Amino acid sequence: MSDRRPTAVIVLAAGEGTRMKSTTPKVLHAIGGRSLVGHAMRAARGIDPIHLAVVVRHERDRVAAHIAEHDEDAIIVDQDEVKGTGRAVECALEALPADLTGTVVVTYGDVPLLTSDTLEQLCAVHDAASDAVTVLTALLDDPTGYGRVVRDADGAVESIVEQKDATDEQREIREINSGLYAFDAALLREALGEIGTDNAQGEKYLTDVVAVARRRGLTVHAHVIEDIWQTEGVNDKVQLARLGAELNRRTVEQAMRDGAIVIDPATTWIDADVTIGPDSVIHPGTQIHGATTIGTECVIGPDTTLKDVEVGDRASVVRSQAELAVIGPDATVGPFSFLRPGTNLGARGKIGGFVETKNATIGAGAKVPHLTYCGDATIGEGANIGAGTIFANYDGVTKGHTNVGAWSFVGSNSVIVAPRTIADGAYVAAGSAVVSDVEPGQLAVTRAQQRNIDGWVARRRAGTKTDEAARAATETKGGTR
């Protein structure tokens, strides 16, 4: 590619997308962990344009807010009442500097598989030939619905004809217009000023810029792309799922090429921003979302969902779910556990089966092995939390925090009523309700005195199987048999 930066990339994202049949604007639907327009902006930023403009109209405020959240430097442009891609680009040019020169790239907000590499190639071809217009095209077996690329005898692009305006002969052409272009900025501005809406749709077509360039004797070429997926747009939810599956296939394949071991790619979903270290094993039925990072030699899954989670080297997460959590190196999680936001599991730590954590920092080597709720807590190094322990962190009005010291031990079936501190090296006896702080080296015990009432079953459950078993056991114990 030329060292020249594109002057601008214009992303067209104004359409209503009625075929989506959704209250969500089309360009805000997501695949691979990003919105459709998010994919478009990512591809555009990848070629380092001086300006990035995104044209909006339908659900303007929602779309504009999303764009600003993900790219605060993007210029948000409002399309007016005049319909058509040509008018959308014209509105963008009006928002950009009046003396704009160089290359202007036009893309769409609903073509999520388009890559920065392809845009770089388009710009390179455009710069090398000093074209007025360079069109990204593809060859389709069934081009129905797409604009056709009409070439002259020398192979240059003569015109682009929309499906509804095409003759029968033109509709036989297999080369289609992707809708992606590189333009000379000055030619684009001038040509759009000449174009009207005299066509079957009553719209201002961007494709008519090609005809203007040809009338002026300027060069128009096509750059044919073999990967036709990159030209495919999303118009309904069937296409959304189809492109989502293809994006996932590519993402999973790239993860494996980068060193991950994916046991069953068909049942594994990995978002576009996920990173996975070499020799980490991803088992079937696993979904890895958001900005999750997984270290080297980890084991993830089966049947595991992670979202925005940091997993350290050699950690293991089995049949569990985690969000906005940190899992340290050599730590283990699961099966059937739920790590809610704010969980931080230290190196060599353990969150075992059927455990729920939230806003919990669990120190290095500490264990929460079984059937526990651990919320709003800090657990020190090497501490052990017994099965069935409940951190009672909510009193109906406020949340309280619990601190469990290093190398302390909490017995099974205990309740710790926050806010509470159990100091380093302390014990809590099984079945205790801890309502006072525990000092270093102490044993906290809160149990009622056990009382065994003789003859209770015979009096209260006479004639039951339990009564029969008790009588038999009593006779055996007494030596009467």
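**Entry 1**

I started at Arg 314, which is partly exposed, with a relative accessible area of 41%. My scale calls a residue buried under 20% relative accessible area, exposed over 50% and partly exposed in between (1.4 Å probe, protein chains only). The model is predicted, so local features need pLDDT of at least 70 and side-chain atom pairs count only at pLDDT 80 or more, while totals for chains, interfaces and linings use all residues. I number residues from 1 along each chain as its sequence is written, and side-chain values use heavy atoms, with hydrogens and water left out.

I looked up Arg 314 for its backbone. Its phi is near 65°, a positive value in a residue other than glycine. Arg 314 sits in the loop between β20 (310-311) and β21 (316-317). My helices (H or I, at least four residues) and strands (E, at least two) are DSSP runs, numbered from the N terminus.

Asp 330 also has a positive phi, about 65°, and is not a glycine. I found Asp 330 in the loop between β23 (326-327) and β24. It is partly exposed, at 33% relative accessible area.

Next I checked for cis peptide bonds. One joins Gly 301 and Pro 302, with omega about 5°. Pro 302 is in the loop between β18 (299-300) and β19 (305-307). Another runs from Gly 334 to Pro 335, with omega near 5°. Pro 335 lies in the loop between β24 (332-333) and β25 (338-339).

**Entry 1: domains**

**Entry 2: largest pocket**

I then turned to open space. On a 1 Å grid over the protein atoms alone, a pocket is an open set of points where a 1.4 Å probe fits, with protein on both sides within 12 Å along at least five of seven lines; lining residues have an atom within 4 Å of a point. Points are joined across faces, edges and corners, and a volume is the space filled by probe spheres set on them.

The largest pocket holds about 1800 Å³. It has 49 lining residues, and those closest to its centre are Arg 19, Thr 85, Tyr 108, Asp 110 and Asn 235. β1 (8-13), α3 (85-95), β10 (175-184) and α7 (237-257) each supply at least two lining residues. β10 gives the largest share, four residues. I sorted the lining into 15 nonpolar, 20 polar and 14 charged residues. Here Ala, Val, Leu, Ile, Met, Phe, Trp, Tyr, Cys and Pro count as nonpolar, Asp, Glu, Lys and Arg as charged, and the others, Gly among them, as polar.

Eight of its 11 residues are buried, so α3 is largely enclosed by the rest of the structure. The buried ones are Gly 86, Arg 87, Ala 88, Val 89, Glu 90, Cys 91, Ala 92 and Leu 93. Their cover includes β1, β4 (51-56), β5 (75-78), β6 (103-108) and α5 (185-194).

**Entry 3: second largest pocket**

This pocket has a volume of about 660 Å³. Of its 27 lining residues, Leu 247, Arg 250, Thr 251, Gln 254 and Ala 272 are closest to the centre. α7 supplies the largest share of the lining, eight residues. The lining divides into 10 nonpolar, seven polar and 10 charged residues.

Where does the second largest pocket lie? Domain 1 and domain 2 both give residues to its lining, so it lies between them.

**Entry 4: UniProt record**

I checked the record last. Its unreviewed entry lists Ala 387, Asn 393, Tyr 394, Ser 412, Ala 430 and Arg 447 under "binding site". They are spread over 61 residues of sequence and, in space, up to 22.5 Å between C-alpha atoms. I keep in mind that UniProt annotations may be inferred rather than shown by experiment.

Ala 430 is in the loop between β37 (427-428) and β38 (433-434). Ala 430 is partly exposed, at 35% relative accessible area. Leaving out residues up to four places away in sequence, Ala 430 touches Gly 411, Ser 412, Ser 414 and Arg 447. Contact means heavy atoms within 4.5 Å.

Arg 447 lies in the loop between β39 (443-444) and α8 (456-460). Is Arg 447 buried or exposed? It is exposed, with a relative accessible area of 54%. With residues up to four places away in sequence again not counted, Arg 447 touches Ala 429, Ala 430 and Gly 431.

How values were computed: Domain bounds come from an automatic or database domain assignment.
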